[in-house]
Amino acid sequence: MKQKVLLLTICLLAILSLQAQTNERYIEVTGTSEIEIVPDKIHYLIEIREYFEEEFDGKSKPEEYRTKVPLSEIEQGLREALAKSGIPQNAIRTQEIGDYWRQQGQDFLVSKKFDITLTDFNQINEILKRIDTKGIHTMRIGELENKDMLAYHQKGKIEALKAAQRKATYLVEALGKKLGGVIRIVEEGSGNIFPFAQSNVLSSDAASFDNFRTIKKSYSMLVRFEIVD
């Protein structure tokens with residue numbers, strides 16, 4: 001008998017719970033925010049590659065290329081240019097070394113990539129003033145970092161939540177109702193608004209990097225609020 005009563009009570013509670021969910025009135029909105037962060041660490045990526053002196057004499061054809069400039073010589077010139085630009089040796093990290101097949105000369109050309117840690121975009125100007133671009137295959141901005149990134153992420157998410165609350169408030173009030181408590185919060189993730197520079201850069205003007213001087217992040221939060229009379 002007690003088991004039957006207990007079973008009946010559980011069923012009754014389940015029905016009441018289902019009715020409560022069915023009659024639940026809510027509004028669900030998405031709040032977004034954007035935040036701009038000034039980086040305190042800039043990864044500048046440079047790839048050097050062997051080349052032939054004849055490539056730059058303005059008259060030789062590919063089949064006439066003979067005098068290869070070795071990678072060691074190009075790297076030495078790069079490191080000297082970086083030192084004159086005020087970049088310490090411990091800020092230069094080798095990423096990888098590889099071979100490049102040059103079809104015209106039917107020869108392998110060795111390449112090497114460097115990850116150079118900078119603290120100021122003006123340092124790029126200094127590098128470009130001193131570097132010999134003949135041995136440079138690509139130069140680009142890589143990852144941008146900031147030591148307080150976690151705090152910026154928190155701020156961005158909070159602002160997205162506040163934006164969701166403001167949106168839900170004016171929508172509900174337009175219907176003559178009031179906004180109640182929060183029922184559910186779903187973080188929809190964050191992302192970069194603009195990608196990092198990926199193209200080759202051999203310009204002597206760092207203004208080319210104006211669009212990449214800051215870290216721009218976007219945040220989105222899906223929030224469900226109760227609607228009350």
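Predicted model: local features only at pLDDT ≥ 70, side-chain atom pairs only at ≥ 80, totals over all residues.
User: Which residues in α4 are buried?
Analyst: The buried residues in α4 are Met149, Gly156, Ala160, Ala163, Ala164, Ala168 and Val172.

User: Why would residues three or four places apart in an α-helix point the same way?
Analyst: An α-helix has 3.6 residues a turn, so residues at that spacing point the same way.

User: Changing topic, how many aromatic pairs are there?
Analyst: The count comes to two aromatic pairs. One of them joins tyrosine 51 and phenylalanine 56 in an edge-to-face arrangement, with 5.4 Å between the centres and 90° between the planes.

User: Is tyrosine 51 buried or exposed?
Analyst: Tyrosine 51 is buried, because its relative accessible area is 9%, under the cut-off of 20%. Phenylalanine 56 counts as partly exposed, at 46% relative accessibility.

User: And what about phenylalanine 52 and tyrosine 65?
Analyst: Phenylalanine 52 and tyrosine 65 form a stacked pair, 5.9 Å centre to centre and with 25° between the planes. Phenylalanine 52 belongs to strand β3 (residues 51-52), whereas tyrosine 65 is in the loop between β3 and β4 (68-69), so the pair ties together parts 13 residues apart in sequence. Both phenylalanine 52 and tyrosine 65 are buried.

User: One more thing: what lies over the face of tyrosine 26?
Analyst: Arginine 224 lies over that face, at 4.0 Å from the ring centre of tyrosine 26.

Technical notes:
Residues numbered from 1 in each chain as written. Heavy atoms only, no water. Phe/Tyr/Trp six-rings, centres within 6.5 Å; stacked < 30°, edge-to-face > 60°. Buried < 20%, exposed > 50% of the residue type's maximum accessible area, 1.4 Å probe, protein only. Helix = DSSP H or I, 4+ residues; strand = E, 2+ residues; numbered from the N terminus. Lys NZ or Arg CZ within 6 Å of the ring centre and 35° of its normal.
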